[in-house]
Amino acid sequence: MEAALQRRVQRYGWDKAALYYENSWQQQLKPAHDALFDVANIQTGQKIIDIACGTGLMSFRALEATGSDGLIVGTDISDKMIEIADKTAKENGLGNIRFERMDAEELKVDDEEFDLAICALGLMYLPSPVNALKQMFRVLKKGGHCVAAVWGKRINCGWADIFEIVDKRVSSEVCPMFFNLGNEKVLEENFKLAGFASCQVKRIQSFLEYDTDEKACSAAFEGGPVALAYSKFSESVKKEACEEYLTSIENFKTEDGYSVPGEFLIGLGIK
Ligand SMILES: C[S@@+](CC[C@H](N)C(=O)[O-])C[C@H]1O[C@@H](n2cnc3c(N)ncnc32)[C@H](O)[C@@H]1O
């Protein structure tokens with residue numbers, strides 16, 4: 001897919017997903033967020049940039065860890081995500097945090113401004129993850145850390161059929177290379193191509209838990225990257241796509257709903 005089109009699909013897709021995002025994903029992504037947070041090992045007073053920050057879930061955690069002497073800049077391509085994050089900061093009277101709409105591949109910040117760059121579950125959506133990592137490398141001070149979490153191998157993510165289910169009902173693919181970074185050595189290679197001398201990667205297994213069909217479908221279709229395409233479906237196509245998705249995760253049905261396996265990778269590079 002042409003890069004500009006992919007960015008538009010992401011921008012307006014996540015605008016649609018923004019209001020559903022935390023309900024759908026905050027709990028489910030907690031294992032990845034916790035692991036990223038551990039690897040980031042934030043120190044007080046650090047200046048931190050959060051790339052593809054969404055509603056700011058990691059930005060606010062980072063702010064708590066860096067304290068009042070630190071600074072957080074959260075960036076995302078979606079206006080709605082930035083609006084929500086900004087509103088949360090204002091409502092809580094938080095001063096040393098700001099949110100700005102920016103493409104991850106074109107950060108409008110100075111070179112060597114930050115001690116730490118984080119990107120939680122954002123790289124898979126970009127036309128060029130390497131370009132985004134190059135930007136993170138550029139804005140880091142020497143010795144600064146870059147920590148990125150991505151989804152793992154397709155075969156280890158039980159919800160993976162969602163893309164195929166949506167793509168066969170729309171004219172363009174939503175996330176053409178989504179699972180590429182989860183394959184052996186690809187994340188490491190991307191860090192190296194971006195300028196990091198090395199990259200340590202940790203794989204973690206996790207489960208997406210849903211107690212009803214509705215919650216499983218809402219998270220998949222309304223709270224994530226396919227939200228824009230889904231919003232354009234007629235009611236009957238929506239119903240048909242949901243049924244197909246539920247069939248695709250049928251093997252993960254439990255007594256209490258669904259427990260769908262997922263895998264995350266956490267990569268660390270040092271400038
Ligand atoms: C799964 S959400 C992750 C949000 C947040 N980091 C978290 O972990 O809760 C993915 C985010 O990537 C953002 N995104 C997608 N393409 C982007 C791009 N080219 N530049 C910046 N952000 C982008 C989306 O708008 C969305 O907010």
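**Exercise 1.** In this predicted model, find how many residues helix 4 has and how far helix 4 reaches from its first C-alpha to its last.

*Solution.* Start by counting: helix 4 has 13 residues. Next, take the span between its first and last C-alpha, which is 18 Å. Now compare that with the expected value at 1.5 Å a residue: the span is close to the expected 18 Å.

**Exercise 2.** Which residues of helix 4 are buried, and what covers them?

*Solution.* First pick out the buried residues: Lys 80, Met 81, Ile 82, Ile 84, Ala 85 and Ala 89. Then look at their surroundings. The cover includes helix 1 and helix 3, and also strand 2 (71–76) and strand 3 (97–101).

**Exercise 3.** Compare the span of helix 1 with that of a straight helix, then find where helix 1 bends.

*Solution.* Helix 1 runs over residues 3–25. A straight helix of 23 residues would span 33 Å, yet the end C-alpha atoms of helix 1 are only 26 Å apart.

**Exercise 4.** Describe how helix 1 and helix 4 pack.

*Solution.* Two packed helices are described by the angle between their axes and the distance between the axes. Here the angle is about 35 degrees, and the axes lie 7 Å apart. Next, list the residues in contact: helix 1 brings Trp 14, Asp 15 and Ala 18, while helix 4 brings Asp 79, Lys 80, Met 81 and Ile 84. Sort them by class, and you get four nonpolar, no polar and three charged residues.

**Exercise 5.** How many residues surround the ligand, and which are the closest?

*Solution.* There are 20 residues around the ligand, and the closest are Trp 14, Ala 52, Gly 54, Ala 104 and Ala 120. By class, this shell has 13 nonpolar, four polar and three charged residues. Now ask where they come from: helix 1 gives the largest share, three residues.

**Exercise 6.** Is Leu 71 buried, partly exposed or exposed?

*Solution.* Locate Leu 71 in strand 2. Count its C-beta neighbours inside 10 Å: there are 19. A buried residue needs 20 or more, so Leu 71 counts as partly exposed. Beyond residues up to four places away in sequence, Leu 71 touches Lys 47 and Asn 96.

Notes:
Residues are numbered from 1 along each chain as its sequence is written. This is a predicted model: local features need pLDDT of at least 70, side-chain atom pairs count only at pLDDT 80 or more; totals for chains, interfaces and linings use all residues. Helices (H or I, at least four residues) and strands (E, at least two) are DSSP runs, numbered from the N terminus. The expected span of a helix is 1.5 Å times one less than its number of residues. The bend at a residue is the angle between axes fitted to the seven residues ending there and the seven starting there. A residue is near a molecule or strand if its C-beta atom, placed from the backbone, lies within 6 Å of it. Ala, Val, Leu, Ile, Met, Phe, Trp, Tyr, Cys and Pro count as nonpolar, Asp, Glu, Lys and Arg as charged, and the others, Gly among them, as polar. Axes are lines fitted to C-alpha atoms, for helices over the stretch in contact, and angles run from 0 to 180 degrees between N-to-C directions. Two residues are in contact if their C-beta atoms, placed from the backbone, lie within 7 Å. A residue is buried if 20 or more other C-beta atoms lie within 10 Å of its own, exposed if 12 or fewer, and partly exposed in between; C-beta atoms are placed from the backbone.
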